[in-house]
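Here is a short note to read with the model open beside you. Take the points in order and find each residue as you go.

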Amino acid sequence: MAKQNIADIDVADQTVIMRVDFNVPQDEQGNITDDRRIEMALPSVRSVIDRGGRLILISHLGRPTGDAAEDARYSLQPVARRLGERLGMPVQFATDTVGSDARTKAGQLKNGQVLLLENLRFHPGEKQGDAAFGSQLASLADIYCNDAFGTCHRADASMVALPRAMENKPKVVGFLVEREIRFLQQAIEDPQRPFVAVLGGAKVSDKISVIAHLLNLCDRVLIGGAMAFTFVRAHNGHVGKSLVEEDKIPLAAQLMERAGDKLVLPVDAQCRDRIDSDGEATTAPIDQIPDHMMGLDIGPETIQQFTGHLAQARTVVWNGPMGVFETPPFDQGTRALAEAIADSDAISIIGGGDSAAAIAQLGLQDRVTHVSTGGGASLALLEGQQFEALQVLDEKRDVART
């Protein structure tokens with residue numbers, strides 16, 4: 001069943017505490033280098049303040065260690081400034097999360113105003129999922145809104161303990177989380193067929209559960225990236241110096257036996273003895289890579305085979321690059337598949353992380369159906385996991401017929 005969203009709730013004269021994902025990248029000087037996560041939260045933010053609500057925003061940033069001098073670079077104060085620029089209005093900032101500054105500023109907040117609290121991870125209770133910390137946050141507001149898909153798979157206090165502490169108060173999703181659920185969960189559970197998944201990246205161990213789950217759902221699962229070499233080794237192929245997870249070879253063999261022709265491996269690879277951009281790569285059959293070389297990208301025959309499957313697909317899910325795409329010429333496989341997906345008429349869902357970065361670098365984000373904002377969360381959904389952070393929220397009520 002669908003969840004209540006922020007638009008379903010009357011927020012006028014109410015204080016909304018909204019969990020967002022403002023974990024934005026910064027340079028050495030602390031300048032924000034990419035504010036897409038701030039931009040993606042704007043529709044939910046504006047929905048509250050435009051309708052006369054008072055808005056408290058909470059987020060994490062980075063992985064603070066507890067050292068005050070070291071952690072100063074993880075302050076959300078620069079985010080408050082950038083958000084204010086994007087909204088065209090001042091955004092207040094509290095120097096703590098549940099201390100005197102946060103409580104005072106939350107109590108003084110007026111309708112249509114926004115307050116951003118300091119980094120949640122500065123408080124040890126956040127990562128511990130501490131109920132007391134969740135209750136302290138809950139005491140600041142009348143309504144809870146989760147618009148942080150990137151942390152929905154975590155049981156952090158702001159994701160689970162906080163909404164649990166809201167008791168009979170409204171607990172809803174924001175527009176970003178609602179969109180993620182619609183595409184990553186509902187579209188996958190009832191896909192248009194053929195349904196093709198493309199999985200890449202370095203390690204099989206990162207995606208074993210995803211592969212196993214998608215084999216039950218998909219018509220084809222295309223495997224690229226370094227993780228393919230563990231499967232090739234399970235077929236006694238020769239992969240040279242390519243990355244192989246030796247302890248996962250038996251599991252890879254079991255998956256291949258179970259999958260039959262659903263699981264599609266590369267037939268060739270672009271190889272070199274080292275990872276750099278100098279010189280030309282050598283193309284070799286996937287199971288005949290020379291001893292002194294490693295496979296660093298899928299080869300031309302594989303590109304042709306994979307793009308052929310994508311051309312026939314009606315639903316595509318892609319998570320993980322096909323090679324070392326940040327180092328040309330080993331970006332060719334990832335680039336070719338990204339362009340094939342963009343050219344397709346299929347519903348196309350890009351599962352966050354490196355795949356989302358590749359789509360953005362190629363300027364193709366407007367030519368795919370959905371780019372997920374949460375790499376880890378999208379993988380967890382693809383594994384079939386249920387998120388407690390979503391289960392604690394209110395279900396959308398059926399409108400009574402008259």
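Predicted model: local features only at pLDDT ≥ 70, side-chain atom pairs only at ≥ 80, totals over all residues.

1. The values below are computed from it.

2. Start with Ser-355. Ser-355 sits in helix H14, which spans residues 353-361. Is Ser-355 buried or exposed? Its relative accessibility is 1%, so Ser-355 counts as buried. The cut-off for buried is under 20%.

3. Next, look at what surrounds this serine. A polar atom of the Ser-355 side chain lies 2.5 Å from the backbone nitrogen of Gly-320. Gly-320 is also on the list of residues in contact with Ser-355, once neighbours within four places in sequence are left aside.

4. Now widen the view to the helix. Which residues of H14 are buried? They are Ser-355, Ala-356, Ala-358 and Ile-359. These residues lie on the same side of H14, because they cover an arc of only 160 degrees around the axis.

5. What covers the buried residues of H14? The cover includes three strands: S15 (315-319), S16 (347-350) and S17 (370-371). Helix H13 (332-343) is part of the cover too. Just after H14, look for Gly-363, which takes a positive phi of about 70 degrees.

6. Turn to the largest pocket. Its space comes to about 660 Å³. The lining has 28 residues, and nearest the centre are Arg-36, Met-40, Val-371, Ser-372 and Thr-373. H14 supplies at least two residues of this lining, as do helix H1 (36-49), helix H8 (175-189) and S17. By class, the lining of the largest pocket holds 12 nonpolar, 10 polar and 6 charged residues.

7. Finish with the second largest pocket. Its volume is about 480 Å³. It is lined by 35 residues, with Gly-201, Ala-202, Ala-226, Pro-321 and Gly-323 closest to the centre. Two or more lining residues come from each of strand S11 (268-272), strand S14 (294-298), H14 and helix H15 (375-382). Which element gives the largest share of this lining? It is S14, with 5 residues. The lining of the second largest pocket divides into 15 nonpolar, 13 polar and 7 charged residues.

Terms used
Residues numbered from 1 in each chain as written. Heavy atoms only, no water. Helix = DSSP H or I, 4+ residues; strand = E, 2+ residues; numbered from the N terminus. Buried < 20%, exposed > 50% of the residue type's maximum accessible area, 1.4 Å probe, protein only. Polar contact = N/O pair within 3.5 Å; in protein donor to acceptor, adjacent residues only side chain to side chain. Contact = heavy atoms within 4.5 Å. Arc of directions from axis to C-beta. 1 Å grid on protein atoms, 1.4 Å probe; cavity = no way out; pocket = protein on both sides within 12 Å on 5 of 7 lines; lining within 4 Å. Points joined across faces, edges and corners; volume = space filled by probe spheres on them. Nonpolar A, V, L, I, M, F, W, Y, C, P; charged D, E, K, R; others polar.
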